[in-house]
Every structure is written in C-alpha cells, then in structure tokens.
Amino acid sequence: MSVLSPDLGVDLGSASVVMYVAGRGIVLREPSLVIVRNDQSRECVAIGSEALEMLGRLPPDLVPVYPILQGVVADFEMTVLMIKYFLRLAIGVNRFGKPRAVVAIPAEVTEMERRAVEEAFRMAGFRYVHMVEAAVAAAHGSGLAVYEPQGNLVVDIGGGTTEVAVISMGSVVAGKSARQAGMAWDNAIVNYVKKKHNLLIGDRTAEQLKIDLGSAIPIPEARRTQVRGRDIVTGLPHTIELSSDEVFDALRDSAKQVLGLLTWTLERTPPELGADIMRNGIYLTGGSAQLPGMDQMLATELGLSVSTARNAMDCVALGCGYLATNIDLLGRIWRSHPLTE
Ligand SMILES: Nc1ncnc2c1ncn2[C@@H]1O[C@H](COP(=O)(O)OP(=O)(O)OP(=O)(O)O)[C@@H](O)[C@H]1O
Ligand SMILES: [Mg+2]
C-alpha cells in the first residue's frame, strides 16, 4: 500500500455522487448525471452539475443518462466516464499512483451488480476497491457505536434505494432494502399532477415541489404554489396552483413504503436488539430522509424515537471515508466482501 496514493470514500448514488478524501474530508458533491449525444458515437457532452443545468431543456440529439439507477450500474460506459471525471475534480492530476476507495453499494445486489461497480472503479483508475453496504457506511458516518454489542437501526433513504439495517458488533443482523426512493417520489408527484390537473410537469419541477411543499405528515396550514407545465388536453403551456395537501397526498404511499420496510425489519429483529432500538431510537440518513415530517410520521406509527442526521446526504460518504482510512476495520464487518488488491 502506497502512503502517497490517496484514500477515498465514495458514495456512488443514483441521485448524487459524494467523495471523501482522507485528510481533507468531503471534497465533492455532484449530481449523478451525464448528458450524451443520442447517436452511435455516444459522445459525452456534460457531467454532474453542468449536466443538471441542461436537464429538461435538451435538443433532441442529446439525452440525459443516469449511469447509476436504483443503486446499481445501469450504464457501464458512462459510469466509468463519470467516476473518472469526478476523481479528477476531487484530487486533480494524481502523480502518486492509483488511489484506493471504499465504495457504498445497496445490501441486496447480485454478484454481477457488485462486479460492475468494482470493474467501473478499476477502469476509472482505482487500484483497490472495497465495497460496503450503504446502511453500514451510513452508521459509521453518523458516528454510531457500530462495533458495540448494541442494536442500532439505520435507515438510508436516497434517490433510488431505501436501505434499512439493524447493526450490532459491526454486522447487519436484520435488514431490508427496496429499489425505490426519492426519484420514485418525484415520479409519484408527476403522475398525481397529470391525473388530477391534466398537466405534464418535468422531473425537476416535481423534485422542487417535493422539497418545497412535500411532507410525510399533514401540514396544519396548507401552502400553495404555482406550477408550470404542459396541458395534456390543449398541448399548450399552462399554470396551475398546487397545495401542500396535494403534494402530501401524492407522497402518501411512498412514505408508507418506508414504514413498511421498517416494520418488516423490526419484526425480524431479535428481542434484545429490539430493546436497544427502543432505547437508542432510529437513525435516518440520505437525502430523502430530509422530507419534512418523515421522522415524525415514523415515530408516531412505530412508537419509537426517530432522528434525522444533520448532514444526511454526506453520512454514507463520511462512513466510506472513515473505513478507507481505517482499512483494518473492514475485516470486522460481517457480510462485507473480501478485500481484493
Ligand atoms: N429536503 C428534501 N426533502 C425531500 N427530499 C430531498 C430533500 N433534499 C434532497 N432530497 C432528495 O434526496 C435524494 C438524493 O439523496 P441521496 O443523495 O442520499 O441519494 P443517492 O445516494 O444519490 O441515491 P441512492 O443511495 O438511492 O442510490 C433526491 O431524490 C432528492 O430529491
Ligand atoms: Mg445513497
């Protein structure tokens, strides 16, 4: 192991990529998005935040590609390009040899999906890749006592996956992951507005509505906002008014799905660990955990205390970074995959 090549913790998410560099902390937060020329050349036109600015406003010969979908590699070629580009942004030109990385992946992946991540990192210039489950990384990044004989329940709700894990002594004792999260919630809002108002809106508009008006619990004083889109009857641009009650309605099933994953997991948690969770509460991480009222809704339904991490979107990368700089700990994480050099 070269002392000169940098160690990175990477959260390769469906919505965003976050990179942690040892000794520097979080150095990069970029949308997990690429704009590609829609012909045989598949020329990459923009990556990350530059690509996001173009989203929804593209000429027909350009298409948006999310290289990572539901936590796994959906477009291998673009994943490699994107990692390479972000690595360059994060550490500049690296003259000291290939870096190594700890990368978070969903808990329930196939061997092929796991290999695709590993191979993409190697092709992007990494020497050494270790994969760790996203919820385990999130627990490390949140500063939970991961290696104690104590039950901790972590829920990471991202853009494409929701990961629930009860962790004790470095191991996942019970858990469940679903390939659905914030991006599917945006879609639920698109469908709701289409059905109820005959208005077609873009994904970015839906995401903004979710962030501005969304809630997992009814809001006492409803707020309203103007929404622009295309009327599906006339085909013309049109503006409607949407209330927070409607956004709550649109997101109701999505919020209940998170509750379902938690109930499933708690029912399969050994009683002593369940007692620990009653004492310690539930810890939420990931961008979508920031949906207002999510913690409150879960707390009310489950009768447990629930808290959302202050730096919810960074926890997984922080945890990966911590493991990348304490590489001996990787051997203590049960179900983690063997080190490959
Ligand atoms: N305040 C907010 N309220 C609700 N959702 C939010 C908020 N802020 C961000 N989000 C959502 O968080 C999601 C991104 O979270 P995150 O970066 O944790 O996902 P990811 O790690 O890229 O995805 P995954 O882990 O599922 O592959 C997006 O869907 C975004 O809309
Ligand atoms: Mg994530």
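Modeller: A ground rule before we start: two strands count as paired if DSSP finds at least two bridges between them. Strands (E, at least two residues) and helices (H or I, at least four) are DSSP runs, numbered from the N terminus. This is a predicted model, in which local features need pLDDT of at least 70 and side-chain atom pairs count only at pLDDT 80 or more, while totals for chains, interfaces and linings use all residues. Residues are numbered from 1 along each chain as its sequence is written, and chains are lettered from A and ligands numbered from 1 in the order in which they are written.

Colleague: Fine. What's the strand order in the open sheet of three strands?

Modeller: The order is 14-15-16, and the pairing is antiparallel. Strand 14 (199-200) and strand 16 are at the edges with a single partner strand each, so one side of each has no neighbour in the sheet.

Colleague: How many bridges between strand 15 and strand 16?

Modeller: Seven, with the two strands running antiparallel. Gly229 sits opposite His238 of strand 16. Helix 6 packs on this sheet, touching strand 15 and strand 16, and its direction makes about 170 degrees with that of strand 15. Axes here are lines fitted to C-alpha atoms, for helices over the stretch in contact, and angles run from 0 to 180 degrees between N-to-C directions.

Colleague: Which residues of helix 6 are buried?

Modeller: In helix 6 (residues 203-213), they are Ala206, Glu207, Leu209, Lys210 and Leu213. They fall within an arc of 165 degrees seen down the helix axis, so they line one face of helix 6. The arc is taken over directions from the helix axis to the C-beta atoms. Buried means 20 or more other C-beta atoms within 10 Å of the residue's own, exposed means 12 or fewer, and partly exposed is in between, with C-beta atoms placed from the backbone.

Colleague: And what covers them?

Modeller: The cover includes helix 5 (182-197), strand 15 (224-231), strand 16 (237-243) and helix 7 (244-267). Contact means C-beta atoms, placed from the backbone, within 7 Å.

Colleague: Hairpins. Where's the positive phi in the one made by strand 2 and strand 3?

Modeller: At Gly23 in the turn, about 85 degrees, with three residues between the strands. Six bridges join strand 2 (residues 16-21) to strand 3 (residues 25-31) in antiparallel fashion, and Ser16 stands opposite Pro31. The hairpin of strand 15 and strand 16 has five residues between its strands, and Gly235 there has a positive phi near 80 degrees.

Colleague: Last one: how is the chain divided into domains?

Modeller: Into domain 1 (7-137 + 315-332) and domain 2 (144-308), with bounds from an automatic or database domain assignment. Their C-alpha centres lie 24 Å apart. The contact takes 18 residues from domain 1 and 22 residues from domain 2.

How values were computed: Two residues are in contact if their C-beta atoms, placed from the backbone, lie within 7 Å.
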